[in-house]
Amino acid sequence: MSDHYVKVKVQLEQMKSLGQDAEKEGVDAEQVPVSSPTASDSPDPSSITIPATDASKPRGKSRSKPGKDDKNSSGKQISDLSLHGSVVSAAAEKNLNRLGYERTLHIRGTGKILQGKKETNGNYVTIHASKNNQEARREDGFKLARKRRPVTVDTSKAKTSLEALKISIRQLKWKEFPLGRRAACDIYWHGVSFHDNENIVSGQVNKFPGMIEMLRKINMSRAVRTMQELFPEEYDFYPRSWILPEEYQQFSTQIRMVKENDATVNPTFIVKPDGGSQGDGIYLIRDPSDLKLMAGSQAKQSVVQEYIQKPLLIDKLKFDIRLYVLIKSLEPLEIYIAKEGLTRFCTEPYQEPSQKNLSHVFMHLTNYSLNVHSGNFVHSDSQSTGSKRTLSSVLYRLAAKGVDIKRVWSDIIALVIKTAIAVVPELKVYYQADIPPGKPGPTCFQILGFDILLMKNLKPVLLEVNSNPSMRIEHEQEVAPGVFEYVPSPVDEEVKVGVIRDTLRLMDPGHRKPIMAGGFEHGEEIPMEAESQERSPEENGSLPSLCLKQVYPKYTKQFNYLRLVERIAALFIRFLGVKGNMRLGPTAFRTFIRTCKLSNSNFTMASVDILYIDITRRWSGAMPDSREAGMGLQAFVEAFFYLAGRRFKSLALKEQVVSLLELCEAQLGPQSGVEDRRSLSCSRALPRAVKAQTLISAPALQI
């Protein structure tokens with residue numbers, strides 16, 4: 001027996017021993033060493049030749065996992081394995097197969113994995129290198145981590161979404177804690193508010209702090225109005241609105257002037273209470289004198305909007321779309337839209353509003369919670385009939401009539417992204433107040449319900465955004481006179497379980513990819529397919545493809561130029577101070593002016609103080625329930641617009657704001673994201689916001 005043969009036999013015995021140990025302990029297969037041949041005798045590292053006993057016979061595909069026997073391999077094993085002219089015993093080959101190595105070998109020292117793809121040449125099979133060790137280690141690590149410990153979900157605060165959540169967790173084979181637990185869970189599912197549980201210091205919560213407040217009718221209208229000032233053509237999807245009672249006089253004067261100019265014009269308006277939900281308190285008017293401004297002794301906070309008089313009808317009925325949108329993170333901004341949604345139909349044939357039918361809520365209001373009480377409401381097990389249907393069934397019906405569905409979807413995606421961009425600046429202020437940078441706390445995500453109306457010309461109009469859309473998958477039904485019980489709703493279950501399940505999949509902590517400081521490169525369009533990036537191998541066979549599709553940052557280039565107010569918010573947060581408060585005091589405002597060098601002989605610090613007092617006083621009157629004194633973000637934005645107008649008088653408002661932002665950012669200097677948090681007058685620095693870009697005309701957006 002030659003010395004070379006003895007050496008190879010010892011090596012193979014070591015491989016056999018290590019392979020058995022690895023099988024018992026479940027170690028990563030990468031840890032099984034394969035001795036590198038000497039430099040003089042090395043084969044090409046990109047391929048290795050294996051003598052096959054019968055190359056003509058096809059071999060079964062291997063889908064084996066580490067530590068498992070390969071049940072799909074062919075009955076006849078390779079009897080000899082040639083590595084650098086050596087002979088490998090069948091026992092060693094069997095151990096390699098058990099570790100998932102029937103077609104995969106890790107060659108130590110080359111940084112290569114030899115796997116799967118084979119070429120047959122006579123009696124030899126050549127296996128080619130396909131991936132590097134680091135990628136394989138990451139993939140194997142994900143598999144082993146998922147196998148060791150299921151994701152844990154605290155459902156103790158889930159409330160009405162509990163049933164859909166339970167089904168989703170079962171489908172994912174995760175672990176539910178219906179009563180909570182002392183140890184931290186990976187995900188917390190709250191029914192209403194981020195503050196349902198104040199003691200969460202880690203994990204992920206399905207609510208953002210401030211989302212409820214931000215999506216109330218008045219705050220939403222103010223946020224969109226600010227964007228309409230900067231980009232009037234981009235934000236024409238939101239009806240003209242007035243805030244009551246503070247803008248009653250303005251509303252009354254404008255309507256009177258419209259009627260005086262054209263006596264044939266008689267517009268209709270819809271009044272929505274600020275804190276109302278499920279259609280509660282909504283009513284239609286045709287004259288300002290019909291407003292109900294008082295609730296007892298209190299002025300009633302409401303929004304009055306232009307009523308859309310020419311909606312798209314199906315079966316002569318008005319309907320709206322409930323679209324589910326996932327905000328996965330704020331920094332960087334990540335938005336997903338569900339491909340499937342709901343359509344909610346009125347239960348009385350539509351007629352244009354007149355003085356006679358203004359009170360017919362079943363004709364004019366699409367709210368499910370109202371129409372379900374109509375005698376004409378139809379509960380249907382079919383997705384394409386009844387008073388609640390799937391969005392896809394309606395789109396298919398429109399497509400059959402020749403409607404360009406791709407264009408409709410593109411317009412809806414643009415509406416969603418623009419709306420999110422409008423509310424994100426203030427959400428960031430709430431976020432830093434509740435979860436200051438560097439402090440322990442959870443990360444957040446949230447499902448929102450967008451209510452969208454299609455006009456007769458197919459233009460989408462935003463009615464409102466619901467921070468707590470109903471995820472109930474059953475409905476109340478009278479099964480006997482006076483006897484009600486909840487029965488399953490197939491349409492709701494089809495849509496809502498998919499949305500919750502795939503939200504959980506996207507938020508799976510085992511699959512989340514690390515984000516570089518400062519988020520994505522601003523202005524960079526990042527192509528991302530949710531299925532390929534977010535699905536694990538274990539899910540491919542048992543779960544459908546994700547129903548949630550990323551639309552941002554996928555379409556960054558088309559919409560990033562709109563994020564001007566976020567840059568203003570970054571300045572605002574920078575000067576707030578370290579206490580996590582949400583309002584600027586007079587000293588902090590003066591520091592902002594001095595640091596950015598905005599004062600001069602024509603605009604002295606005395607003028608700065610007067611500006612601060614005037615704007616703060618007006619906004620405190622408009623927001624009597626504010627929890628802090630000082631200047632909030634919306635007031636700061638107004639002050640910023642004023643300063644921009646003074647400094648750059650000859651430009652349009654958008655150019656004024658861009659110019660002042662660039663001036664301030666230049667004075668403050670570049671910042672390097674989270675690692676640079678040096679304070680300016682006891683302020684916290686944030687990553688520099690994006691600069692405005694020129695709108696690039698883009699093809700239709702698709703999901």
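Where does Ser161 lie in this structure? Ser161 is found in the loop that runs between strand 5 and helix 4. Helices (H or I, at least four residues) and strands (E, at least two) are DSSP runs, and they are numbered from the N terminus. Before we go on, please keep in mind that this is a predicted model, in which local features need pLDDT of at least 70 and side-chain atom pairs count only at pLDDT 80 or more, while totals for chains, interfaces and linings use all residues. Residues are numbered from 1 along each chain as its sequence is written, and side-chain values use heavy atoms, with hydrogens and water left out.

Back to Ser161. Because its relative accessibility is 7%, Ser161 counts as buried; buried means under 20% relative accessible area, exposed over 50%, and partly exposed in between, with a 1.4 Å probe and protein chains only. Leaving aside residues up to four places away in sequence, Ser161 touches Trp189, Met471 and Ile500, where contact means heavy atoms within 4.5 Å. Asn468 is 307 residues from Ser161 along the chain, yet 10.0 Å separates their C-alpha atoms. The loop that holds Ser161 also holds Lys159. Lys159 is not a glycine, but its phi is positive, at about 55°.

Next, let us turn to a sheet. Four strands form an open sheet in the order 9-14-10-11, with antiparallel pairing. Two strands pair if DSSP finds at least two bridges between them. Strands of a sheet pair through backbone hydrogen bonds, either parallel or antiparallel. Strand 9 (241-244) and strand 11 (283-285) are the edge strands, each pairing on one side only. On average, neighbouring strands of this sheet are turned by 25° against each other, direction ignored. Strand 10 and strand 11 are joined in the antiparallel sense over three bridges, and Val271 stands opposite Tyr283 of strand 11.

Two helices lie across these strands. Helix 7 (residues 248-261) lies across strand 9, strand 10, strand 11 and strand 14, at about 140° to strand 9. For these angles, axes are lines fitted to C-alpha atoms, for helices over the stretch in contact, and the angles run from 0 to 180 degrees between N-to-C directions. The loop between strand 9 and helix 7 contains Pro245, and the peptide bond from Leu244 to Pro245 is cis, with omega near 5°.

Now for the space inside. How many cavities of 30 Å³ or more does a search of the whole structure find? The search finds six. A cavity is a set of points, on a 1 Å grid over the protein atoms alone, where a 1.4 Å probe fits but cannot get out, and lining residues have an atom within 4 Å of a point. Grid points are joined across faces, edges and corners, and a volume is the space filled by probe spheres set on the points. The largest cavity holds about 240 Å³ of space. Its lining has 19 residues, and the closest to its centre are Ile270, Lys272, Leu365, Thr366 and Leu463. Strand 10 (269-273), strand 14 (302-306), strand 16 (317-329), strand 21 (446-454) and strand 22 (460-466) each give two or more residues to this lining. In the loop between strand 21 and strand 22 sits Leu458, which has a positive phi of about 75° although it is not a glycine.

Glu331 and Pro332 are joined by a cis peptide bond, with omega at about 0°. Strand 17 pairs with strand 25 in the antiparallel sense over four bridges, and Tyr336 has Gln550 in strand 25 as its bridge partner. Strand 25 (residues 548-552) is mostly covered, with five of its five residues buried.

Our last stop is helix 10 (residues 391-400), whose buried residues are Leu391, Ser392, Ser393, Val394, Leu395 and Leu398. Strand 16 is one of the elements that cover these buried residues, and helix 11 (405-434) is another. Just after helix 10 comes Gly402, with a positive phi of about 95°.

Technical notes: On a 1 Å grid over the protein atoms alone, a cavity is a set of points where a 1.4 Å probe fits but cannot get out, and a pocket is an open set with protein on both sides within 12 Å along at least five of seven lines; lining residues have an atom within 4 Å of a point.
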